[in-house]
Amino acid sequence: MPSSLSVREAYRLIHSTGSELESLLQEAGALRDEAKGKTVTYSRKIFLPVTNLCRDRCSYCTFRKDPNDPDAWTMSPAEIDDVLIRGKKQGCKEALMCLGDKPEAAFPQYRETLKGFGYQTTAEYVARACEMAIEHNFLPHTNAGVLSREEMQLLKPLNVSLGLMLENVSPRLTGRGMPHFSAPDKHPSMRLQMIREAGELSIPFTTGILIGIGETPEERVDSLAAIRDLHAQHGHIQEVIIQNFRAKPDTRMAGYEEPEAVDIARTIAVARLFLGGEMNLQAPPNLSPNDHRLLLRAGINDWGGISPVTRDYVNPEAAWPHLEKLAATCREEGFTLCERLAIYDEYIERPEFLNPLLHSLVAARQSEIAQEYYESA
């Protein structure tokens, strides 16, 4: 059910308070229930931070490092294999490849590291990591920053989905003194181009917005509008994340005020009404640990990836929730927590979106989830 909410109406709702805000949350929750039922999903994953070297310097990030930093790393094939083995023992099904943007463009040392592994580019090395994941019966999902069309063509046969956070569509945030000033790969035009080209290549795609980094409420709506327009053209956006900024020590935004829970919920509710009932809408549970009930009320139907093996390397201060506790919260709010795959069901049976060679592996993982759900019922 596509959304009929206009940008102008969304501009008004993103400022709602009091009784209007309560009505907004109720309407968003009802739309979610109508389209998705009372099931909320998550993906059981391992997090593979292939490298934390990155040429961008976002004002809020602690993940990226320079080669001479003592906490810099690039995972070796043996280290990747070790995490895959541990994750398989814990029943994980998604292998999330997450890494910095274009490190080979900035760091000669990293190019030498790649060469030592036998690869010329990061995309080639990530492709090999995906092959290793598939050999261990994982479904890879890669978020490697801005990728070219050719790099996505390389990775598509080895991934069930790709991802890139749009974050915000406003170029204002790339100006001097703003969070993306020293981050060339955060320019909205580059990120929009990748999301569009992923649609042209029929790649199931996860994207989203980052709220609380200095954007206006209207710029949040504009970002959602850009996502909605791209999805209307290509039908490839399988999930939209509403992610809240978290202030981190030793960053330029360490003292920056984080968005309040009600602001996060209001943005989620507007996103639900604006993107429609059929869109899968996620809020990371580890970034709002005390507000899960409010996020459910606001209209999400997914919690994203949760790992029993690896931490959230992008937000290391934010532990994953215990699945039993999250499931109990969902039950108390009238929902059932269910596991999903890194590709949503609506894309599995569409051959243009899923490599036929991965279909049997996807089907096997689906059967495992169904059996686990049956045994726990």
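A crossover is right-handed if, with the strands pointing away from the viewer, the path from the first strand over the helix to the second runs clockwise. Helices (H or I, at least four residues) and strands (E, at least two) are DSSP runs, numbered from the N terminus.

The model is predicted: local features need pLDDT of at least 70, side-chain atom pairs count only at pLDDT 80 or more, and totals for chains, interfaces and linings use all residues. Residues are numbered from 1 along each chain as its sequence is written, and side-chain values use heavy atoms, with hydrogens and water left out.

**Exercise 1. Strand β5 and its partners**

Task: Find β5 (residues 205–211). Which strands pair with β5, and in which sense?

Solution. 
- Step 1. Two strands pair if DSSP finds at least two bridges between them.
- Step 2. Take strand β4 (residues 161–163). It runs parallel to β5, and 2 bridges join them. Here Leu 162 stands opposite Phe 205.
- Step 3. Take strand β6 (residues 237–244). It pairs with β5 in the parallel sense, over 7 bridges. Here Ile 211 stands opposite Asn 244.
- Step 4. β4, helix α7 (residues 188–200) and β5 make a right-handed β-α-β unit. β5, helix α8 (residues 217–234) and β6 make a right-handed β-α-β unit too.

**Exercise 2. An aromatic pair**

Solution. 
- Step 1. Rings of Phe, Tyr and Trp (its six-membered ring) pair if their centres lie within 6.5 Å; planes under 30 degrees apart count as stacked, over 60 as edge-to-face, and the rest as tilted.
- Step 2. The structure holds 7 aromatic pairs.
- Step 3. Phe 47 lies in strand β1 (residues 39–48), and Tyr 313 in the loop between β8 (302–306) and α11 (323–332). The pair therefore ties together parts 266 residues apart in sequence.
- Step 4. Phe 47 is buried, at 3% relative accessible area. Phe 47, Phe 63, Trp 73 and Tyr 313 form one aromatic cluster.

**Exercise 3. Counting disulfides**

Task: How many disulfides are there?

Solution. 
- Step 1. A disulfide is a pair of cysteine sulfur atoms within 2.5 Å.
- Step 2. Check Cys 92. Its closest cysteine sulfur, in Cys 98, is 16 Å away, too far for a bond. Cys 92 is buried, at 7% relative accessibility.
- Step 3. Check Cys 330. The nearest cysteine sulfur, that of Cys 338, is 9.4 Å away. Cys 330 is buried, at 0% relative accessibility.
- Step 4. The count comes to 0 disulfides.

Note on methods: Buried means under 20% relative accessible area, exposed over 50%, partly exposed in between (1.4 Å probe, protein chains only).
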